[in-house]
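Let's take a walk through this model together, from its sheets to its rings and loops. Keep the 3D view open beside you as you read.

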Amino acid sequence: MSDCMKKYTINMKSHADMVEGHGVLSAYKEQVRLVKEGLSKQFTVTENHKGGGDITHYHTVNFGYFLTLPLAKMRGKTVGYVHFLPETIEDSLKLSPIAKKVFYQYLITFYKSMDRLVTVNPIFIDKLAAYGIPKEKISYIPNYVSEKEFYPLSQQRKKELRQEWGLCPDKFTVICTGQLQTRKGVLDFAQIANRLPEMQFLWAGGFSFGKMTDGYEEISRLLKSPPPNLVFPGMVPREKMNEIYNIGDVMFLPSYGELFPMTILEAMSCNTPILLRDIDVYPKILMDFYLKASDNQGFENCLRRMKDDPDYYKAAKEAAHRGHMFYNASHVLSMWEEFYTCLIQETRHSEKSLPAHCKAVREKGISA
């Protein structure tokens, strides 16, 4: 079979399913489905296959994967998905100083060992470079969610779902989804719920990492005695998450640090407006698709205005829809097709003879 007719193999490696209820697992499922369905003519996609592949794509940084890198490199190219950096973990898990030092060093060593890295937020290209990773090894490809799983429901169905989840069907509803940890802003979420009794609040998520979670004790006390207008349903199965996004009038995530939360894309896919903390990771990826504030007073003011000003709310909803359309499947799929195709060609050509469009893919990663 000639090179132009041959189907190459991408072996997706992930143990994200060892822990439920976090964005890395959602991102993995969506990316694998997208490539399996959209690039089936060019690539055969396997998951955790022991035999390797022409491309081995590591979605998690398990030590067992690190040990297999020499064999994977003998077979083809290796790709590392950058879902977090030491500074993004710092405020999520409680680790001893020694454990932090060892894990952080291992994490960067893992990334440096890859032939190529993919980050879902362009702002992390410079951060990775600061750890000594060449920019030409890094590409930016955003996250994506499927419209088959996340989509708007009718107003009548939303009212019915609110009742099913123990909420008032006609009350302005603020929702958030994600792990219960201090970094995510769950304590701020509760404080604002306490200050806005005319609204109802729901946070879907749990302690994905148990007692290692930062803020575990304080948040546990909150769960035992939340404000009367705040509901914590705990971990929600993925197949029920579309209901959660639809019962909300707004998705409010007061997180202090993120990379590219899947929850934002999932909410936008349901045409649910987004309110976020004003932090530096969002402008390059979310442009004008979201509302923002820098403190709890600002969040409170914004939520009141969304409830009371129909034109303001309509504009926020339209912005979320624009965000969903920007991160549509065909756009993200074309980026993966370019990336994987050029990676295959790199194994068959010297750098000097690389096709021009493959060099352009590298340049996109550097300049994004």
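This is a predicted model: local features need pLDDT of at least 70, side-chain atom pairs count only at pLDDT 80 or more; totals for chains, interfaces and linings use all residues.

Residues are numbered from 1 along each chain as its sequence is written, and side-chain values use heavy atoms, with hydrogens and water left out.

## The sheet from S2 to S6

Helices (H or I, at least four residues) and strands (E, at least two) are DSSP runs, numbered from the N terminus. Two strands pair if DSSP finds at least two bridges between them. With that in hand, look for an open sheet of 6 strands in the order S2-S1-S3-S4-S5-S6, paired in parallel. Strand S2 (43-47) and strand S6 (138-140) are the edge strands with a single partner strand each, so one side of each has no neighbour in the sheet. On average, neighbouring strands here are turned by 25 degrees against each other, direction ignored; axes are lines fitted to C-alpha atoms, for helices over the stretch in contact, and angles run from 0 to 180 degrees between N-to-C directions.

Strand S1 (residues 8-13) pairs with S3 in the parallel sense over 4 bridges, and Met12 has His57 in S3 as its bridge partner. S3 is also joined by 4 bridges to strand S4 (residues 77-82), again running parallel, where Ile55 has Lys77 in S4 as its bridge partner. In a regular strand the side chains alternate between the two faces of the sheet. In S3, Ile55 and His57 point one way, Thr56 and Tyr58 point the other way, and all are buried. Buried means under 20% relative accessible area, exposed over 50%, and partly exposed in between (1.4 Å probe, protein chains only).

## The sheet from S9 to S12

A further open sheet of 6 strands has the order S9-S8-S7-S10-S11-S12, with parallel pairing. Its edges are strand S9 (230-234) and S12, each having a single partner strand, so one side of each is left without a neighbour in the sheet. Neighbouring strands of this sheet are turned by 25 degrees against each other on average, direction ignored.

Strand S10 (residues 250-253) pairs in the parallel sense with strand S11 (residues 274-277) over 3 bridges. Across that pairing, Phe252 stands opposite Leu275, and Met251 has Ile274 as its bridge partner. S10 also pairs in the parallel sense with strand S7 (residues 173-177), over 2 bridges, with Val174 opposite Val250. Both faces of S10 are covered: Val250 and Phe252 on one side, and Met251 and Leu253 on the other, are all buried.

## A helix pair

Two packed helices are described by the angle between their axes and the distance between the axes. For helix H7 (residues 186-195) and helix H8 (residues 216-224), the angle is about 30 degrees and the axes are 10 Å apart. The crossing of H7 and H8 is left-handed, meaning that the near helix is turned anticlockwise from the far one by less than a right angle (clockwise would be right-handed).

## Rings

Rings of Phe, Tyr and Trp (its six-membered ring) pair if their centres lie within 6.5 Å; planes under 30 degrees apart are stacked, over 60 edge-to-face and the rest tilted. The count by this rule is 24 aromatic pairs. In one of them, Phe289 and Phe326 have ring centres 5.8 Å apart and planes at 50 degrees, so the pair is tilted. Phe289 lies in the loop between helix H11 (283-286) and strand S12 (291-293) and Phe326 in helix H13 (residues 310-326), so the pair ties together parts that are 37 residues apart in sequence.

Here is the accessibility of three residues:

| Residue | Relative accessibility | Class |
|---|---|---|
| Phe289 | 7% | buried |
| Phe326 | 37% | partly exposed |
| Asn48 | 32% | partly exposed |

Ring pairs also link Tyr58, Phe63, Tyr65, Phe66, Tyr106, Phe110 and Tyr111 into a cluster. Elsewhere, Arg277 lies over the face of Tyr256, at 3.8 Å from the ring centre; a charge sits over a ring if NZ of Lys or CZ of Arg is within 6 Å of the ring centre and within 35 degrees of the ring normal.

## Two loop residues

Asn48, in the loop between S2 and S3, has a phi near 55 degrees, a positive value in a residue other than glycine. Asn271, in the loop between helix H10 (262-269) and S11, has a positive phi of about 60 degrees although it is not a glycine.
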